[in-house]
Amino acid sequence: MCEETSKLLQKDAEQESGMRLEIQNMKQELSSISMMDEFARYARLERKINKMTDRLKTHVKARTAQLAKIKWVVNIVFYVFQAALMVTLIWKYYSEPVIVLPSKWVAPLERLVAFPTGIAGGVGITCWLVVCNKVVAIMLQPFS
């Protein structure tokens with residue numbers, strides 16, 4: 001799937017660069033034509049440039065929309081995978097603490113931190129995942 005997408009996008013980029021090159025060549029030709037002496041030829045070439053520019057704009061818009069769809073699908077797949085992984089971890093390690101700390105360290109929040117294990121001083125998988133997600137989100141914040 002990735003290979004097909006990259007081939008499609010690469011082909012689109014090559015077409016766009018070809019169109020840009022063609023437009024640039026036509027503009028150079030247009031600048032060499034005297035508007036007063038050869039008005040008909042000048043107008044035809046100008047219309048051709050405008051038509052090619054419009055085609056290029058629609059092509060770029062279509063490619064941009066396609067990239068947005070691909071990015072959206074990848075994000076959805078990632079979030080579904082992440083949710084499935086978290087549910088699996090919580091299910092598998094429901095009754096085991098990730099780490100056991102001295103009870104005094106987590107005294108005011110002992111029951112909340114130990115959820116769902118119920119072991120005094122234990123850090124449950126749910127609390128561990130919440131803290132890990134928050135730490136990763138804070139660390140990734142400067143990059144987004």
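What share of the contacts in the chain with a separation of 6 or more comes from residues 24 or more positions apart? I looked this up first, and it is 46%. Contact here means heavy atoms within 4.5 Å.

**Entry: ground rules.** I am working with a predicted model, in which local features need pLDDT of at least 70, side-chain atom pairs count only at pLDDT 80 or more, and totals for chains, interfaces and linings use all residues. Residues are numbered from 1 along each chain as its sequence is written, and side-chain values use heavy atoms, with hydrogens and water left out.

**Entry: the whole chain.** I counted 4 helices and 2 strands. Helices (H or I, at least four residues) and strands (E, at least two) are DSSP runs, numbered from the N terminus. In sequence order I noted the pattern α-α-β-α-β-α. The radius of gyration is 30 Å, well over the 15 Å that the globule rule gives for 144 residues, so the chain is more spread out than a compact globule. That radius is taken over C-alpha atoms, and the rule is 2.2 Å times the number of residues to the power 0.38. I also noted that the C-alpha trace spans about 95 × 30 × 15 Å along its principal axes.

**Entry: burial.** I found that 18% of the 144 residues count as buried. Buried means under 20% relative accessible area, exposed over 50%, and partly exposed in between (1.4 Å probe, protein chains only).

**Entry: helix 2.** This helix covers residues 39-92, 54 residues in total. From its first C-alpha to its last I read 79 Å, close to the 80 Å expected at 1.5 Å a residue. The expected span is 1.5 Å times one less than the number of residues. Its buried residues include Tyr42, Leu45, Ile49, Met52 and Leu56. An α-helix has 3.6 residues a turn, so residues three or four places apart point the same way.

Is lysine 51 buried or exposed? Lysine 51 is in helix 2 and is exposed, with a relative accessible area of 60%. Its C-alpha lies 9.8 Å from that of isoleucine 23, 28 residues apart along the chain.

**Entry: leucine 129.** I located leucine 129 in helix 4 (residues 125-140). Leucine 129 is buried, at a relative accessible area of 12%. Leaving out residues up to four places away in sequence, leucine 129 touches Met86, Leu89 and Ile90.

**Entry: a cis bond.** Most peptide bonds are trans. I noted a cis peptide bond joining phenylalanine 115 and proline 116, with omega about 0°. Proline 116 sits in the loop between helix 3 (110-114) and strand 2 (122-123).
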